[in-house]
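These exercises go through one protein chain, each with a worked solution.

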Amino acid sequence: MTDSPHVLVVGGGSTGTGIARDLAMRGLGVTLVERGNLTHGTTGRMHGLLHSGGRYAVSDQPSAKECIEENRVLRDIAAHCVEMTGGLFVQKPDDPDDYFQEKLDGCRECGIPAEELTADEAREIEPYLAKDVERAIKVPDGAIDPFRLCVANAASAQEYGARIETHAEVVDVLVEGGEVVGVEVEHDSGPGKRVHRTPGSTEKIRADYVVNASGAWAGQIGEMAGVEVAVRPSKGVMTIMNTRQVDTVVNRCRPKGDADIIVPHETTVILGTTDEEVEDPDDYPEEQWEVDLMIDTLSELVPILKKARTIRSFWGVRPLYEPPGTGTVDPTDITRDFFLLDHEERDDLPGMTSIVGGKFTTYRMMAEKISDHVCAQFGITATCRTADEPLPGSEDFSVLRDYMDEFGLRSPIGRQSVQRLGSRADEVLKTGEPNPVVCDCEAVTRAEIQDGISQSGSDLNALRIRTRASMGNCQGGFCCHRMAAELSPEYDEPTAREALDELFQERWKGERHALWGEQLSQAMLNYALHATTMNLDGDPAAMDEALDFAAFDGGAGVGAGEGESGQSGATAADGGTRKHERGER
């Protein structure tokens, strides 16, 4: 028994970083390992909804109560990550009256502020709602930035002494004498300023306790330890539209179904989603019908979506779990609750616990529960403080209001900068230097770019996640090269070029599912700009290898190295490998 046990957390998403922060604040030694960058898995691939709980008020009231409780907590401790948009559950003529009343009653039973609105009152809030919307329920839904939230949790954990080790994939769970005693990781060379171990080298990290918080990959970690964790990964698509066609979260007020929510997020809206069980969280089909379904179905609620510009799509995988023997066939029937699996109690394997299931909105509560569990293993009585202590950047959000006054409410640049930076706005923006806009779509200034570089180094994708630069309508067409230029003189030209190439690759991945209409024109314009001004298309005549035109023309299942089998992992329409893409937004 020790007063300061060393706990190793597997997984750098919201739950993993939340656990690392909680345990570190309670005085435990913590190491977090993540195979990619923070938010590499499910957290970086969600629609950004801060649940009010209204979504579960009929089907799962315990989850609904947890959501409204954590909704209020996150507004306090992570104000710089949250935008309280409000939400509407709208009823169309073919949506059942009984369900509308059940939803309204359920919200009130769960303590969720809920107000019934007439159709006219709902359209006063959202003028683009369909004319045949009959009535709506107003709830306190919101939007949240998962990237900023995870970074803030990891930063706080680090401030309390935790080691945060990204690009360190677990390749084995160490079991000695019938007990888990640590993990072995293989290091990779992640981009940016963070110092990583030698790529390809391995490290055995011994710990007093291991927490498996790897989400949809929890089953793979469990298998390494010799125990079964029956996670049932379920994929869902999210499609990003070019502007905020709505300023409020809009839900369809009917029983569960695909394509029933629109979430305003920064300068865009995100449409979601599908729910399909998949075998492998790393390899699943990304199908065009899913994107079409989002636009066709949700334009029934907001018809202007049909005429809007689709800028990209991305897929995420839910880490669903249900106790053995439940036998649910439809993944939409699987509970969204979370489960703590103590492998000593369940599998006679001391030293490790897995946490599976759950929702992003309740990540902090999940982290508190498992931190309580870990502390109990060591007889530690330190209490959780994560619901009370603000995350870095959110300590004094009155800074936002001050800056809005200073810049004027009509200044979207000042407003957005301060919203992103929170209480760090003063420190970052008042440089005394010229501060032009680098990314026009997202109103990101040079001061923010330079601040991001000071934290992310030459990793322009990490900079993108921190600032949203290159994530707007042009998808980096007019700002990627400006971002790369800001790396000079601290970084040399080859480093800047490599960083620019990596950013272009990431931008392109999600765009390939949106190549029609105006977005196709935008993609062609981007190509022409980058090819003609920076020669980034290369010269095919100078290439050593012949072009594989089948990779472009044949679509899924046809391409270099894969033959015509159509097996998973075949070449996608852009010639890249059709696997999941991460960190897209």
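**Exercise 1: Helix α17**

The buried residues of α17 are Q519, Q522, A523, N526, H530 and A531; buried means under 20% relative accessible area, exposed over 50%, and partly exposed in between, with a 1.4 Å probe and protein chains only. They cover an arc of only 155° around the axis, which puts them on the same side of α17; the arc is that of the directions from the helix axis to the C-beta atoms.

This is a predicted model, in which local features need pLDDT of at least 70, side-chain atom pairs count only at pLDDT 80 or more, and totals for chains, interfaces and linings use all residues. Residues are numbered from 1 along each chain as its sequence is written, and side-chain values use heavy atoms, with hydrogens and water left out.

Task: Find what the buried residues of α17 pack against, and check the span of the helix.

Solution. 
- Step 1. The partners of the buried residues are β19 (310-321) and α16 (493-511). Helices (H or I, at least four residues) and strands (E, at least two) are DSSP runs, numbered from the N terminus.
- Step 2. E518, T532 and T533 are exposed on the other side of α17.
- Step 3. Helix α17 has 18 residues (517-534), which at 1.5 Å a residue should span 26 Å, and its end C-alpha atoms are 26 Å apart, so the two agree. The expected span is 1.5 Å times one less than the number of residues.
- Step 4. N535 follows α17 and has a positive phi, near 55°.

**Exercise 2: A residue in a loop**

Task: Locate D95 and decide whether D95 is buried or exposed.

Solution. 
- Step 1. D95 sits in the loop between β5 (87-91) and α3 (97-109).
- Step 2. Its relative accessibility is 3%, so D95 counts as buried.
- Step 3. Not counting residues up to four places away in sequence, D95 touches V90, R252, C253 and R254; contact means heavy atoms within 4.5 Å.

**Exercise 3: Strand pairing**

Solution. 
- Step 1. Two strands pair if DSSP finds at least two bridges between them.
- Step 2. E176 has E179 in β11 as its bridge partner.
- Step 3. Two residues lie between the strands of this hairpin, where G177 takes a positive phi near 60°.
- Step 4. Two bridges link β3 to strand β8 (residues 142-144), and L50 has G142 in β8 as its bridge partner.

**Exercise 4: Salt bridges**

Task: How many salt bridges does the structure hold, and what does the one between E486 and R446 tie together?

Solution. 
- Step 1. The structure holds 36 salt bridges, each a side-chain nitrogen of Lys or Arg within 4 Å of a carboxyl oxygen of Asp or Glu.
- Step 2. In the salt bridge of E486 with R446, the closest N and O atoms are 3.1 Å apart.
- Step 3. E486 lies in the loop between α15 (480-485) and α16, and R446 in helix α13 (residues 446-456), so the pair ties together parts that are 40 residues apart in sequence.
- Step 4. E486 counts as buried at 13% relative accessibility, while R446 is partly exposed at 33%.
- Step 5. D145, R148, E266, E442 and R468 are linked in a network of salt bridges.
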